[in-house]
Amino acid sequence: MDIKAIRSEFPILDQQVNGKPLVYLDSSATSQKPTPVIEAVNSYYRLNNSNVHRGVHTLGTRATDQYEGAREKVRAFVHAQSTEEIIFTRGTTTAINTIAYSYGNANLSDGDEIVLTPMEHHSNIIPWQQVAKTTGATLKYIPLQSDGTITMEDVQATITSNTKIVAMTHVSNVLGTINPIKEVAKIAHDHGAIMVVDGAQAVPHMKVDVQALDCDFYAFSGHKMCAPTGIGVLYGKKALLEEMEPVEFGGEMIDFVDLYDSTWKELPWKFEGGTPIIAGAIGLGAAIDFLNTIGMDNITEHESKLVTYAMQQLATIDGIDIYGPEKRAGLITFNLVDVHPHDTATVLDAEGVAVRAGHHCAQPLMKWLQVTATARASFYLYNTTDDVDRLISALQRAKEFFGDVF
Amino acid sequence: MSFDNLDTLYRQVIMDHYKNPRNRGSFDEESLTIDMNNPTCGDRIQLHLLVDDDIVKDAKFEGEGCSISLSSASMMTQAVKGKSTKEALKMSETFSDMMLGKEVDTSDMELGDIEALQGVAKFPARIKCATLSWKAMEKGIDKE
């Protein structure tokens with residue numbers, strides 16, 4: 001991987017922040033966007049902007065072709081069987097809410113169980129809390145080991161014949177834990193439950209094959225994988241999606257509309273009410289092309305090297321707590337002892353280093369870690385070992401700084 | 001931004017309040033209790049006020065947060081003690097303006113250590129940390 005060439009595709013990285021060259025270590029929150037993605041959105045608006053699936057004019061055809069072309073790129077990228085299984089949404093949150101409101105509310109009732117883990121992002125907890133309130137189902141959590149992983153024994157013990165839905169993150173946005181989705185899906189299916197996967201932190205960083213995982217639903221966001229904000233994907237098995245009702249009704253998603261009743265379009269459009277996120281989808285298509293040119297396996301390997309190096313370097317700092325398992329995705333969550341993560345992040349920012357500080361939309365997990373907040377450095381294809389070195393020296397400065405005042 | 005600016009943000013006095021918070025705890029007697037949190041970062045504060053006859057007789061706080069939010073809470077409880085509720089609300093308004101970088105007239109109030117927080121105005125991401133306990137105080141007095 002030619003990092004210099006890759007970095008030159010990300011114009012935003014070439015700037016000074018607070019007088020220092022920017023080091024962007026917050027890609028788990030949102031990734032930066034490469035020129036081909038910016039250009040794709042730009043040229044769509046400059047040359048082809050039009051509404052899709054209506055109108056007979058040429059621009060309408062171009063916009064429709066590009067929009068549906070992006071759907072095929074997504075299908076191939078996650079290896080779904082058909083484009084009927086790829087629904088464009090606003091992001092992971094909307095995708096999971098769609099499953100919860102449509103599948104969850106229709107198929108669950110009193111006595112049924114929804115199984116989660118405490119490492120879920122709020123967007124994979126709250127929709128299920130709402131389903132539980134509506135249907136009378138109960139929530140159950142697979143306990144975490146002290147390193148922030150789950151065991152198959154606990155998965156077996158938690159999922160029962162009453163379980164109807166197992167919802168789990170593929171990669172934890174805080175711990176970096178990579179969950180054994182395929183194995184959990186098998187157990188879920190053995191008990192007649194469906195498997196829902198939050199893939200927001202996985203798809204940008206590793207090859208994902210929804211058929212190999214045999215999950216029933218898989219949700220992810222474009223903006224964490226070099227695409228614009230406001231576009232995401234809900235993958236669902238066709239047989240399930242066909243049985244489900246839409247959650248948004250109106251234009252675009254209808255077949256016939258009568259005064260008192262209506263019928264829906266076929267998949268995937270019945271779930272895409274209203275004018276869709278056309279430019280966003282085209283941007284996502286361009287992002288997939290960009291990532292494919294580099295190769296997902298290369299990206300995974302690059303991040304793995306960076307995280308290994310960063311872990312070695314962080315170990316040289318006295319008084320740092322690091323959370324999460326040994327084998328982790330490309331992110332590290334940590335706290336300097338006796339320094340609140342906001343304060344750490346402010347000092348890092350003064351050094352041009354952007355990290356996340358807060359609860360990472362994972363309050364139950366913060367409680368489990370017995371902290372109120374943490375700092376997080378997350379890596380992507382454009383980060384370098386120099387970025388890690390800058391992080392380490394900025395952390396040293398933060399320690400000096402707070403060491404002095406205390 | 002340099003370390004000079006950071007020094008402005010984290011002046012000695014702020015660090016002193018962070019490390020040795022004044023009025024931390026709760027009252028034995030019944031008090032007005034307000035919970036306030038900053039949902040974006042997880043900071044949370046529980047403020048206890050003893051208000052009698054429109055006077056803030058005493059104030060204490062509990063909670064967790066960064067140096068800015070906790071030192072601000074510590075300073076706020078010191079500042080409002082003995083003040084009328086009207087004065088306390090006026091002070092909060094002045095403090096909010098100060099955080100927004102506005103020119104404020106502080107001639108008729110004793111801000112004391114609070115002026116040390118002026119540097120926060122230069123760090124927009126941290127203003128909410130500084131105003132958390134003040135918002136709790138306003139909410140409590142409004143309730144009263």
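How many bridges join β9(A) to strand β10 of chain A, and do the two run parallel or antiparallel? The answer is given in Figure 1. The model shown is predicted: local features need pLDDT of at least 70 and side-chain atom pairs count only at pLDDT 80 or more, while totals for chains, interfaces and linings use all residues. Residues are numbered from 1 along each chain as its sequence is written, and chains are lettered from A and ligands numbered from 1 in the order in which they are written.

**Figure 1. Strand β9 of chain A and its two partners.** Helices (H or I, at least four residues) and strands (E, at least two) are DSSP runs, numbered from the N terminus. Strands pair if DSSP finds at least two bridges between them. β9(A) and strand β10 (residues 232–236) of chain A run antiparallel and are joined by 5 bridges. In β10(A), Tyr235(A) is the bridge partner of Tyr218(A). Strand β8 (residues 194–198) of chain A runs parallel to β9(A), with 3 bridges, and Val197(A) stands opposite Tyr218(A). Since 5 of the 5 residues of β9(A) (residues 217–221) are buried, the strand is largely enclosed by the rest of the structure. A residue is buried if 20 or more other C-beta atoms, placed from the backbone, lie within 10 Å of its own. Phe217(A), Ala219(A) and Ser221(A) point one way, Tyr218(A) and Phe220(A) the other way, and all are buried.

**Figure 2. Strand β17 of chain A, covered on both faces.** In β17(A) (residues 374–378), 5 of 5 residues are buried. One side carries Thr374(A), Arg376(A) and Ser378(A), and the other Ala375(A) and Ala377(A). Strand β14 (residues 331–336) of chain A pairs with β17(A) in the antiparallel sense over 4 bridges, where Ile332(A) stands opposite Ala377(A). Strand β16 (residues 356–358) of chain A is also antiparallel to β17(A), over 3 bridges; here Arg356(A) stands opposite Arg376(A).

**Figure 3. The two domains of chain A.** The domain bounds, which come from an automatic or database domain assignment, are 38–292 for domain 1 and 296–405 for domain 2. Their centres, taken over C-alpha atoms, are separated by 29 Å. Contact (C-beta atoms, placed from the backbone, within 7 Å) involves 21 residues of domain 1 and 22 residues of domain 2. The side of domain 1 that touches domain 2 has 10 nonpolar, 9 polar and 2 charged residues. In these classes, Ala, Val, Leu, Ile, Met, Phe, Trp, Tyr, Cys and Pro count as nonpolar, Asp, Glu, Lys and Arg as charged, and the others, Gly among them, as polar.

**Figure 4. The contact between chain A and chain B.** Chain A contributes 17 residues and chain B 20 residues. On the side of chain A, α12 (341–350), α13 (363–369) and α14 (385–405) each supply at least two residues. α12(A) gives the most, with 5 residues. By class, this side has 7 nonpolar, 9 polar and 1 charged residues. The model scores ipTM 0.81 and pTM 0.93.

**Figure 5. The fold of chain B.** Chain B has 5 helices and 3 strands, in the sequence pattern α-α-β-β-β-α-α-α. Of its 144 residues, 42% count as buried. The mean pLDDT (the predictor's confidence in each residue, from 0 to 100) is 90 for chain B, and 98% of its residues reach 70 or more.

Definitions and conventions:
Two residues are in contact if their C-beta atoms, placed from the backbone, lie within 7 Å. A residue is buried if 20 or more other C-beta atoms lie within 10 Å of its own, exposed if 12 or fewer, and partly exposed in between; C-beta atoms are placed from the backbone.
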